[in-house]
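This report is for a reader who is new to the structure shown below.

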Amino acid sequence: MSEPDGATSVLVELRAVTKRYGSLIANNGVDLSLRAGEVHGILGENGAGKTTLMRILYGLTRPDQGQVLVDGESVTIRSPRDAIGAGIGMVAQHFSLVTPMTVAENLTLGRPQGLLIDLEAARAKVDEAADRFGIRVRADARVADLSVGEQQRVEILKALAGDCRVLILDEPTAVLVPQEVSGLFATLRRLTAAGLAVAFISHKLSEVLDVTQRVTVLRRGKVVGTVATADTDERQLATMMVGRPAAPAESAARSPGDTALRVTALDALGRQGLAALKGVSFSVAKGEILGIAGVSGNGQSELAEVLSGMRLPTAGSIEIDGRNIAGFNPRRMMAAGIGRIAEDRYAAVVPDLSVAYNLVLEHLDEFRRGALLDETRIRANADEMISRFGIVSGPDDPVRKLSGGNLQKVLLARVLSRNPKVLMVSQPTRGLDVGATEYVRGEIVAQAQRGAGIVLISEDLDELLALSDRLVVFYEGRVVGELAAAGADPEQLGLLMARGSAA
Amino acid sequence: MTFLLELLGATLRNATPLVYGTIGETYSERAGVLNLGIEGTMYAGAFFGFAAAAITGSRTAGLLAAIAVGLAAGALMGLLTVTIGTNQHVAGIGTTLGLIGISEYVNRLWFGSGQGLSRIEPYPPWEPLGPNNVFSQYGLTYVAFFLLAPLAWWVLARTHFGLNLRAVGENPEAADSAGVNVARTRYAALMIGGALMAVGGAFFTLAALGSFTLDIIAGRGWVCIALVIFGRWRVWRGVAAALLFAAVYALQLRLRILEEFQAIPFELLLALPYLVVIAALVISGRNVAYPGAYLKPYRRE
Amino acid sequence: MSIWRRRLWLAAGVLILTFLVTVPFLLMAGVNPFAAYARFLFVPLTSRFGLLEVGVASIPLLFTGAAVALAFRAGYWNIGAEGQLLLGAIAAAGIGARVDGLASPLALTLVLAGGALAGAVWALVPALLRVRYDIDEVVTTLLLNPVALLVVEGLLNGPWRDPVTRFPESPRIAASAEMPVLIPGSRLHLGFLIGLVIIAGLGFVISRTRAGLELKAVGLSPVAARFAGINVARTLVAAALISGAIAGLGGAGEVAGIQYRLTGGLSAGFGYTGIVVATLGALRMGGVALVALLLGDLTVGASSASRALGIPSQAGDIVAAAVLLVTVAMVAINRYGLRQNRTAP
């Protein structure tokens, strides 16, 4: 597959790659080289531009500027087919497998040679991969019956069946249990020993240090630096990844009072039916903003869903005013005094209904006369909210036509106008422009000043540090640390987020 | 004993159109399209098969006409649900209404207002063991059980086309990224399925009856929809389900003649297969493995 | 381009395409397509008798169209209006034959209430299976249609068979249970008014009441509705039951207003045509009323064309199916364009 001295030869190089989405720059002049025989870590926070970069390399996204070189030759990669032709394979976070089919059938799909499928050839490939790389999967097993780790192996096999020399793995360990992680790493070492280059995207420091030879750190679309793994440590990488956050400005003038919300030993299952929250406990005082920090996928979404009444916890309690509201449905959650700003804004509104109706959807009891809707008050409410929250739209416009910022203002208006005792906000400024972001943050702080207890879930560390009084860090569904936001050490925070301990 | 043998023979005969329809619908649904046009496609197959045979005097021409009509009906469903991406329920119901309307319209034009006045000489049964036993069946029946069913299974399980068909029905994104042409595969599945449904309908006019009547299909297309689910989208299980349904049907026809069974409403017995399918859905609950892309038009991001 | 302009183009496109698609069939019958369409659409409207018959033909479609539109608005795919209508007819025939001694308003009310109840009961099981076990209501409601027809046949071939003539027809209902005729000398009965009132009522409920807003929210975005605290399961079951009741009422209307007894051919696929009506009416109640009248016009026009031009009356069915398919296709193309299904080079 490669000459013995190929360990230092560059297989693929990206030069000055830039990709913009509107005003957002996802990649800004990124340089990256992948050498034969190395596992190259691509490290960065959520939104740092790692996935965009890899999608460009695999032909799923076209860059605005910059070059891709394969074996030193400039190439144009328009589609995954081009990438496969150039020897590049990718295992995305979401597998693209036909789950009711067997492994062999998945490997055979899209290779039309003749009338009949040749499952023997696929089985031979599976056996070969087992011998050469230690990738063990049963060729005749149904993919749906395999564990996530095994499915990932099938994806790797698919890439190898395309004779790839460069393998991109987008956060491959995010879906794996620890035992599977060590198996994956063993496979990666054998792949690189055979001369492949592996791009390993992660935000877990220990894994990057464990398996890579070099690491490139991205922050806000730019390369912070590329270092040899042997010459670095977790502290340096954490600092590179997180950076120095701006000094917290807005969290000063509040004096937290009594407990507003107490969560005790909360357990919940995630989407795949696996434990997503494991004995989570924390409390929020009135007038306090508690930030929930953590790399995405560590239980924050499930916490938001439980507090919204959309997901039933399997154990534990949620107390407001000394009353346990765990297991309440959305209506009763709201009645108990929780205001909810969901992570997925479009799942919280009915896009084809008007702004006025969406504004009252959670409180129809108060906008009716008998069985009828009280259109006069619905309209008055809409006019009031539109002017008070500066929503740029008419009351009768369907919400689907609103920009992200205006949509978030509609959701804020719906919730904040009720003066909730506890406010749960999840990713409040994701995807918003600067003006809307400032506005939303100001409203959250104002609610705290009013005396609401606030649970702020965000992937944006700067936001957490700027708004929160206190932070708890989630790692693999547990609370692994708690610290005051003012003067929080970014290195310590980075370590807690990326490996679950600061020691 | 004679009773049982007769029953078995009648079961095979009654199951024949259901086998064609069920396998045709299985192909459509395994590719991700619920084809509610089946009732109309069987109806049109029955009529145009009959009409072509009556006009040309050739039953082969009738069979070919039915196949052509079925291919066209499948292509129409493809145009609506694959290329244009309309709602599959509405497209299917509309196709059924349209095909029944066209068949009855043309029937009136060509054969006048009377029902079943025109007759053709139907296919004679093939009786290798002499008349009046289990193997006294029409050619289309032998084809259904001994050729179509194994072939349909083999194509799905063993050929690239079958693999592609299953893949576009389960995960069109994955199939697309592997280089499978999703639209072309779905069209092929719908057209093959349509042809089979139409042949199932033509069985009535070309073999069993030799004439066309307005209630000739009488909901058997909907029965096939149920049999496909009952058979869990598998060819052989679908065939078995068709046999079960046909056996119940044949039994009630025979019992009906007997004096001591006059009091039982046989319609309730006939309703049993439908109710059994619904009960089966309840018992297996959510575990019924619908094809993954069922009802979803495929649109690239 | 303004939205109204766009809609106008769309409507014009639908009309032209539908015409073109159906022309070959008319030419096949040797008639001038324009003359045929004039018969289909305009001739019934030129006489008093024709207008009244249009009303008569539209009555069952007002009910099934409204029933289907209501369910579809809630995102509940009730394909079973046919069966629910038949159950309503059974109940009406059964009750109607046994209310001989009762005064007319009471007898008729019992017949209609029984029809509505029977339709709702027939719709109940699929609705519960949907919200309890997540079982696709398309299949269950569809499968119950032939079962309902079998129940009809079972009754007509068994206990309700006419003892004298041996015809498969139920006994005639009591005179007191018959729908009064609205205009003397015509067949236009009270069911027409009831249908319009129900449609107006549903339109009011959907646009003006809290329940209506919840129904729309559930139909448009069940997740968002649940997030906002709306009881999605209860809304779906309620929509299904009301839908079934209205379809059942339509069946009762055919028994009490037209046939006066249960017959095997009571429904000319009214439940399935209801899907056409609802879809073409864009699931709006005003649209449902309009389309039901248009299809009534088409039905009467097609049978008039059959007599005058000698083309089979099924031309009306072809036109109805064509306009349905052309409309859904054009609307989808207008919204999404054609699918990009080509595999990348």
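## A helix of chain A

Just after H16(A), A:Gly500 has a positive phi of about 85°. Helix H16 of chain A covers residues 490-499; helices (H or I, at least four residues) and strands (E, at least two) are DSSP runs, numbered from the N terminus. The model is predicted: local features need pLDDT of at least 70, side-chain atom pairs count only at pLDDT 80 or more, and totals for chains, interfaces and linings use all residues. Residues are numbered from 1 along each chain as its sequence is written, while chains are lettered from A and ligands numbered from 1 in the order in which they are written.

Which residues of H16(A) are buried? They are A:Leu493, A:Gly494, A:Leu495, A:Leu496, A:Met497 and A:Ala498. A residue is buried if 20 or more other C-beta atoms lie within 10 Å of its own, exposed if 12 or fewer, and partly exposed in between, with C-beta atoms placed from the backbone. The cover over these buried residues includes helices H7 (205-211) and H8 (234-242) and strands S13 (289-293), S21 (470-475) and S22 (478-484) of chain A.

## Chain C against chain B

This contact takes 46 residues from chain C and 47 residues from chain B. Two residues are in contact if their C-beta atoms, placed from the backbone, lie within 7 Å. On the side of chain C that touches chain B, two or more residues come from each of helix H1 (3-28), helix H5 (104-133), helix H6 (137-157), H11 and helix H13 (315-336) of chain C. H13(C) gives the largest share, 13 residues.

By class, this side of chain C has 33 nonpolar, 9 polar and 4 charged residues. Ala, Val, Leu, Ile, Met, Phe, Trp, Tyr, Cys and Pro count as nonpolar, Asp, Glu, Lys and Arg as charged, and the others, Gly among them, as polar.

## Chain C against chain A

Here 17 residues come from chain C and 23 residues from chain A. Helix H8 (210-220) and helix H9 (222-227) of chain C each supply at least two residues of the chain C side, and H8(C) has the largest share with 6 residues. That side divides into 10 nonpolar, 3 polar and 4 charged residues.

## Two loop residues

Most residues other than glycine have a negative phi. B:Ala218 has a positive phi, near 50°, and lies in the loop between helix H8 (182-209) and helix H9 (220-230) of chain B. B:Ala218 is partly exposed because 15 other C-beta atoms lie within 10 Å.

C:Ala282 also has a positive phi, of about 55°. Its loop runs between helix H11 (270-280) and helix H12 (285-309) of chain C. With 13 other C-beta atoms within 10 Å, C:Ala282 is partly exposed.
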